[in-house]
Amino acid sequence: MEKSSEISGFYRLSIPERRKLLKEWADFTDAELAAYEFPPGVDPAAFDRMIENVVGAYAYPLGIATNFRINQKDYLIPMAIEEPSVVAAASNAAKVARASGGFTAQTTAPVMIGQVQILDAHDPSAARLRILAARDSLLEKANAQDPMLIKFGGGARDLEVRVLPSPRGPMVIVHLLVDARDAAGMNAVNTMCEALAPDLARLAGGRSLLRIISNLATHRLARATATFRADLLATETRKGPEVVEAILDAYTFAAIDPFRCATHNKGIMNGISAVVVATGNDFRAIESGAHTYAAFHAKPGNVVTPLTTYEKDPDGNLVGSIELPLAVGLIGGATAVHPTAKANVKLLGVKGAAELAQVLASVGLAQNFAALRALATEGIQRGHMELHARNIAATAGAHPDEIDRVVARLVAEHRIRIDRAKEILEELRAPGPQ
Ligand code: MEV
């Protein structure tokens, strides 16, 4: 009989019942089904409350980036990521930055934007002014929605109103600016927007439609800068100043070409997202905000801009800087309930969301510097090769005591392929003298 995915009441089943159903669906062996087991320390009931239809947990490798010094304080940085070389690259870059005092980072106030879309206003420009004139009472109403946020020093701060032409007629777009303090701000901002929408529609003489936070958090920025000493960048074949010039050329490539810029910014997010995931924050919100910010600031004729900048100081050292929106929180969401996220926040020792954002910006800059340095010198593959070879060896079926030998041969031969790994294994396992 053909299988149907229309399973009524799946959400009402217990976790073991859902797993039983999956076992039948996929014809899992007991060993395969065990891949869904919760790791020690995770309360299945807590995960079951976090999202719907939970069947288990999906584990990511968690690595620690070392050497980071940010605003005169040392950090061990947890990174949850599946990609080889990212953690090592961040640690190496932080070591170079450390020799010049480490990273200097800062944040703006944690102000988020909530959007209310108003349609069908007959006089949109006048509607804009009517809304702005009611600013104080609107802010008061917004703040009445969240006494806790006010208690902690946050709250609605201001209104901005834009009139946007559209193929469906002009739209009046109201931005409610909310200081979210140590929260990412989603719930507070959305609640306030929903509460204000009827008043805004009445003032505009139109109707409201969407009421939702914007992930383009242009008022909640994090910035970091670091100096990378030229003499520490020398390779076996190239002097430090030459490497500085090569990195400047590599950076400039991203500044002039969106195809390169996409990859340049992706490398930055390798670092940032790994820490965002490790601390239980919403990595989609951060990614979306970062990439849209990069597009928002593009120079005329460009579609996107690098999130980092590189220059030379008077001594010929490389100075890197980064600026992007980083709307992360420490209260609410998975950060507050996920045991590993909680441990990671404690490990970081950050006092608030602003400090976490400063760490993230520094990691993003470190990651980008490491990628540019590798790309502009030996290329990215050498660093990737060994870890990649380990994965290939394990996938080919190498036992723990065989992995090193298989990896050594794969790397030496520059043939990191599963078929070759299998051949090497056969040779290693063949009876007789090796
Ligand atoms: C790979 O995940 C990231 C890089 O491609 C970034 C870059 O090219 O700058 C190495």
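# Notebook: helices, sheets and a few residues

**Entry: helix 5 and helix 8.** I started with a pair of helices, and helix 5 crosses helix 8 in the right-handed sense. A crossing is called left-handed if the near helix is turned anticlockwise from the far one by less than a right angle, and right-handed if clockwise. Helices (H or I, at least four residues) and strands (E, at least two) are DSSP runs, numbered from the N terminus.

I noted that this is a predicted model, in which local features need pLDDT of at least 70 and side-chain atom pairs count only at pLDDT 80 or more, while totals for chains, interfaces and linings use all residues. Residues are numbered from 1 along each chain as its sequence is written, and side-chain values use heavy atoms, with hydrogens and water left out.

How do the axes of helix 5 and helix 8 cross? Helix 5 covers residues 124-133 and helix 8 covers residues 186-204; their axes come within 8 Å and cross at roughly 130°. Helix 5 is therefore oblique to helix 8. Angles under 35 degrees count as roughly parallel, over 145 as roughly antiparallel, 65 to 115 as roughly perpendicular and the rest as oblique. Axes here are lines fitted to C-alpha atoms, for helices over the stretch in contact, and angles run from 0 to 180 degrees between N-to-C directions.

I then listed the residues that meet: Ala127, Arg130 and Ile131 from helix 5, and Leu200, Leu203 and Ala204 from helix 8. Contact means heavy atoms within 4.5 Å. I sorted the residues of this contact into 5 nonpolar, no polar and 1 charged. In this sorting Ala, Val, Leu, Ile, Met, Phe, Trp, Tyr, Cys and Pro count as nonpolar, Asp, Glu, Lys and Arg as charged, and the others, Gly among them, as polar.

**Entry: the whole chain.** I stepped back and found 17 helices and 10 strands in the protein chain. Its C-alpha atoms fill a box of roughly 90 × 70 × 45 Å along the principal axes. The chain has 434 residues, and 45% of them count as buried. Buried means under 20% relative accessible area, exposed over 50%, and partly exposed in between (1.4 Å probe, protein chains only). I also saw that, among contacts with a separation of 6 or more, 68% come from residues 24 or more positions apart.

**Entry: sheet 5-6-4-7.** This open sheet has 4 strands in the order 5-6-4-7, paired antiparallel. Two strands pair if DSSP finds at least two bridges between them. Strand 5 (155-164) and strand 7 (207-214) are at the edges with a single partner strand each, so one side of each has no neighbour in the sheet. From one strand to the next the twist averages 20°. Strand 5 and strand 6 (residues 171-179) run antiparallel and are joined by 9 bridges, and Leu164 has Met171 in strand 6 as its bridge partner. Helix 5 turns up again here: it packs on the sheet, touches strand 5 and strand 6, and makes about 170° with the direction of strand 5.

**Entry: sheet 3-8-10-9.** The order 3-8-10-9 belongs to an open sheet of 4 strands with antiparallel pairing. At its edges I found strand 3 (104-107) and strand 9 (308-312), each pairing on one side only. Ignoring direction, neighbouring strands are turned by 15° on average. Strand 3 pairs with strand 8 (residues 221-228) over 4 antiparallel bridges, and Ala105 stands opposite Ala224 in strand 8.

Which helix lies across this sheet's strands? It is helix 14 (residues 353-376), which lies across strand 3, strand 8, strand 9 and strand 10 (318-325) at about 45° to strand 8.

I then zoomed in on Thr225 in strand 8. Leaving out residues up to four places away in sequence, Thr225 touches Gly102, Phe103, Thr104, Val319, Gly320, Ser321 and Leu365. With a relative accessible area of 30%, Thr225 is partly exposed.

**Entry: two phi angles.** Most residues other than glycine have a negative phi. Asn67, in strand 1 (residues 62-70), has a positive phi of about 75° without being a glycine. Asp120 sits in the loop between strand 4 (111-119) and helix 5, and has a positive phi of about 65°. Both places are partly exposed: Asn67 at 25% relative accessibility, and Asp120 at 44%.
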